[in-house]
Amino acid sequence: MRFAGPDLDAASVDTRALLDELAEVPADGVVGTKDRSALLAAQLAERCALPGASPGAIVSCQHKPTSRAIQQRVAPQATPRFALIDAPPPFPPPWWAKPVVGRLSQEARRIDGEAELSQLAEDRKYRDEYAALSGLPQDAVRGFLVEELITGDEVTLEGFVHAGETTVIGVTDSVKYERTNSFERFEYPSALPQGRLNELAELASLLMPAHGLDACFFNVEFFVPVDGPAQIVELNPRIASQFSPLVQAVHGRSTYDALFALACGDDPRWDGSRPRGVAISYVMRVFEDAVVEVVPEPQDGLEILVRPGLRLSEQGTNDTASYRLAIFTEWAETREAALQQCRDRARSLHFELGEAAPRR
């Protein structure tokens with residue numbers, strides 16, 4: 001097993017040269033845990049005749065217009081209306097706009113009218129690099145998809161496909177800071193009733209073969225309204241790495257263990273053992289730019305996302321409205337106790353943030 005090199009989603013990399021280099025490394029399997037690395041892993045697996053999803057299947061999920069078209073064909077009741085921005089959308093605002101090829105939630109935002117459409121700006125460099133990696137034309141990876149605004153409980157279903165069979169590991173609830181679109185925490189297992197969980201599993205069983213996914217982990221984000229069918233947000237053909245500690249805490253087995261088995265062509269044999277307790281991945285955020293002066297000392301299970309001496313806007317992966325400071329995981333027998341532990345720990349972490357001078 002070999003771990004080396006930069007974060008492929010955060011740095012410019014000569015992917016052709018990297019593929020040539022990695023193809024010379026003896027391996028039983030290859031995995032990628034982020035968007036570009038998942039596509040690169042699929043290409044490497046195909047080149048080296050190793051188990052894995054086909055690159056075309058990965059691209060069909062990552063290219064939002066293609067994925068939406070597939071979803072609309074096999075699950076129209078669960079697919080929101082959408083359109084490319086080449087004319088005013090044929091349905092009224094408010095809308096949700098996101099790049100046709102994106103990473104995390106960067107550059108995605110709510111749009112309340114046509115005038116705001118012209119203000120959308122994208123990371124052209126990232127799109128051009130993705131075009132080179134995916135084989136898609138540059139015009140196909142540029143621009144934004146506009147969708148009708150959907151609401152409800154936001155959740156993520158995670159699972160894998162082996163030998164054409166879809167296995168659901170579980171569903172995680174995504175909870176946002178009050179009156180914002182920024183995630184505060186992720187709770188596993190979901191608090192949804194069993195009937196809604198069954199609905200999500202049935203949708204996943206339709207989406208996987210429609211996208212041609214096999215020998216692959218996946219996660220599907222949904223909005224689940226109080227009334228009416230669940231709505232698909234997006235399908236990611238990769239592991240939900242942030243949720244792995246939650247699954248480990250609740251089931252006693254890491255999703256990485258299953259991922260590595262799958263990558264080697266083995267059946268992960270996920271037994272779906274009865275979950276114990278509730279685990280939460282908690283995200284500390286602030287909503288104004290600042291200069292980082294002091295960060296906490298390292299702790300087990302704490303991922304500090306910022307460094308002293310830099311503005312928050314100069315580091316990390318932030319959304320359009322907030323800045324992440326740290327992520328950590330807590331587990332307890334009940335949902336309420338786990339949340340209390342998270343908030344107590346957040347208050348105990350010592351960050352010092354100074355005022356950021358206005359940019360010239």
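This is a predicted model: local features need pLDDT of at least 70, side-chain atom pairs count only at pLDDT 80 or more; totals for chains, interfaces and linings use all residues.
Residues are numbered from 1 along each chain as its sequence is written, and side-chain values use heavy atoms, with hydrogens and water left out.

Okay, the overall picture. The chain holds eleven helices and 14 strands; helices (H or I, at least four residues) and strands (E, at least two) are DSSP runs, numbered from the N terminus. Along its principal axes, the C-alpha trace spans about 50 × 50 × 50 Å. Buried residues make up 49% of the 360, where buried means under 20% relative accessible area, exposed over 50%, and partly exposed in between (1.4 Å probe, protein chains only).

We have an open sheet of eight strands in the order 9-8-5-6-7-10-13-12, with antiparallel pairing. Strand 9 (231-236) and strand 12 stand at the edges with a single partner strand each, so one side of each has no neighbour in the sheet. On average, neighbouring strands here are turned by 20° against each other, direction ignored. For pairing, DSSP has to find at least two bridges between two strands.

Let's walk along part of that order. Strand 6 (residues 165-176) pairs with strand 7 (residues 183-188) in the antiparallel sense over four bridges, and Asp173 has Glu187 as its bridge partner in strand 7. The hairpin of these two has six residues between the strands, and in it Arg179 takes a positive phi near 60°. Strand 7 itself is mostly covered, with six of its six residues buried.

On we go: strand 7 and strand 10 (residues 278-286) are antiparallel over four bridges, and here Glu187 has Ile280 as its bridge partner in strand 10. Then nine bridges join strand 10 to strand 13, again antiparallel. Strand 13 (residues 323-332) has eight of its ten residues buried, so it is largely enclosed by the rest of the structure. At the end, strand 12 (residues 302-304) pairs with strand 13 over three bridges, antiparallel, and Glu303 stands opposite Ile327.

What packs on this? Helix 8 (residues 194-211) lies across strand 5 (153-162), strand 6, strand 8 (216-224) and strand 9, running at about 130° to strand 8. Helix 10 (residues 255-263) also packs on the sheet, touching strand 5, strand 6 and strand 8, with its direction at about 130° to that of strand 8. Those axes are lines fitted to C-alpha atoms, for helices over the stretch in contact, and angles run from 0 to 180 degrees between N-to-C directions; contact means heavy atoms within 4.5 Å.

Last stop, Arg68. You'll find Arg68 in helix 4 (residues 64-74), and Arg68 is buried, with a relative accessible area of 2%. A polar atom of the Arg68 side chain lies 2.7 Å from the backbone oxygen of Ile232. Leaving out residues up to four places away in sequence, Arg68 touches several residues, including Phe82, Lys98, Glu147, Ile232 and Val233.

Key: A polar contact is a pair of N or O atoms within 3.5 Å; within protein, one must be able to donate a hydrogen and the other to accept it, and residues adjacent in sequence count only if both atoms are side-chain atoms.
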